[in-house]
Amino acid sequence: MTSTPPPAPGLTRFNTSPDGVALAALREVCAGPAWGRALLARRPYATEEELLAAGDAATAELTDAELAEAMDGHPPIGRPEPGDPASAREQRGMAGASGALRDEMAELNLAYQERFGHVFLICATGATAEEMRDALRTRLGHTPEREREIARRELGRINRVRLSRLVTEGFDAAPVTGPGPAPASVPAAAPASVSTHILDTSAGRPAAGVAVGLAARTEHGAGPDGVWAALGTAVTGPDGRCEDLPAPPPGTTHVRLTFETGPYLDRAEPFFPEVTVAFAVTPGEHYHVPLLLNPFGYSVYRGS
């Protein structure tokens, strides 16, 4: 009689981690909260393949809105976010690209976002810069419906690669079996980090040239009347992203983003001269809070 081998140690630690720890790890794999919750609900997993299959099923079950939220956690090819080692590792094929090829990728990325309203998503692991460029050229000719399904497929491939790495590397550093301090890879005292981007939903393209101010308040001033400390201002680039927002200081508990939308909306008396968003943060976590903007409405949400 053949017995079933026990799960790998990393998978065991994932199965037995507190919900908050496991969910935070899953958000590093996929920014979509619905995807992470689906995998969390199906614990424990007997094998890595069972976990990967659950990830595939969760990706297939994402609604269009949930898929968009998951894709929003991925930076453009060739421009991984600072502090995002997963994307930098996956996009290593761009490391040796020429300046001309990088410029072409930037132009194609922008054209893609203007056409489809979301980032170009491809499983870049093992792909060369030329292969990614050629895929981007080809996919620009797709219909939005076809491209959405291809993007879903590519998201599933990325999630598989990251999930496999999670259980073989991410949970091997320190066992977690119950409530307690954060894992060693995420120091409890590390400050939160913040990023954002703006999508003009009335035009279906990124909003470039918008000034975004960042302010913070610490645990000593966290009440409703706490004093906000201005940290600095950055401007959105051609892809609508702010690359240069300053880091909140240690002890930050609340962050405020102020989007100077009036000049961008280009009206004599814009309905939204500015948009201000304040939110709570936890040390050691990253907060990507995008703004979806049109002349008479906006929404924000937490991405990755």
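The following dialogue explains how several descriptions of this predicted model are reached.

Mentor: This is a predicted model, in which local features need pLDDT of at least 70 and side-chain atom pairs count only at pLDDT 80 or more, while totals for chains, interfaces and linings use all residues. Residues are numbered from 1 along each chain as its sequence is written, and side-chain values use heavy atoms, with hydrogens and water left out.

Trainee: Which elements of the chain have the lowest and the highest mean pLDDT?

Mentor: pLDDT is the predictor's confidence in each residue, from 0 to 100. Helices (H or I, at least four residues) and strands (E, at least two) are DSSP runs, numbered from the N terminus. The lowest mean, 63, belongs to helix 6 (residues 85-90), and the highest, 94, to helix 4 (residues 48-61). For the chain, the mean pLDDT is 82, and 82% of its residues reach 70 or more. Over residues 172-189, however, pLDDT stays under 50.

Trainee: Why is Glu 154 called buried?

Mentor: Buried means under 20% relative accessible area, exposed means over 50%, and partly exposed lies in between (1.4 Å probe, protein chains only). Glu 154 has 3% relative accessibility, and therefore counts as buried. Glu 154 belongs to helix 9 (residues 144-170).

Trainee: What makes the pairing of Glu 154 with Cys 123 a polar contact?

Mentor: A polar contact is a pair of N or O atoms within 3.5 Å; within protein, one must be able to donate a hydrogen and the other to accept it, and residues adjacent in sequence count only if both atoms are side-chain atoms. Here a polar atom of the Glu 154 side chain lies 2.8 Å from the backbone nitrogen of Cys 123. Cys 123 is itself buried, because its relative accessibility is 10%.

Trainee: Why is Gly 209 called exposed?

Mentor: The relative accessible area of Gly 209 is 55%, so this residue is exposed. Gly 209 sits in the loop between strand 3 (205-206) and strand 4 (211-218).

Trainee: Which residues does Gly 209 touch, not counting those up to four places away in sequence?

Mentor: Contact means heavy atoms within 4.5 Å. Gly 209 touches Val 235 and Thr 236 on that basis.
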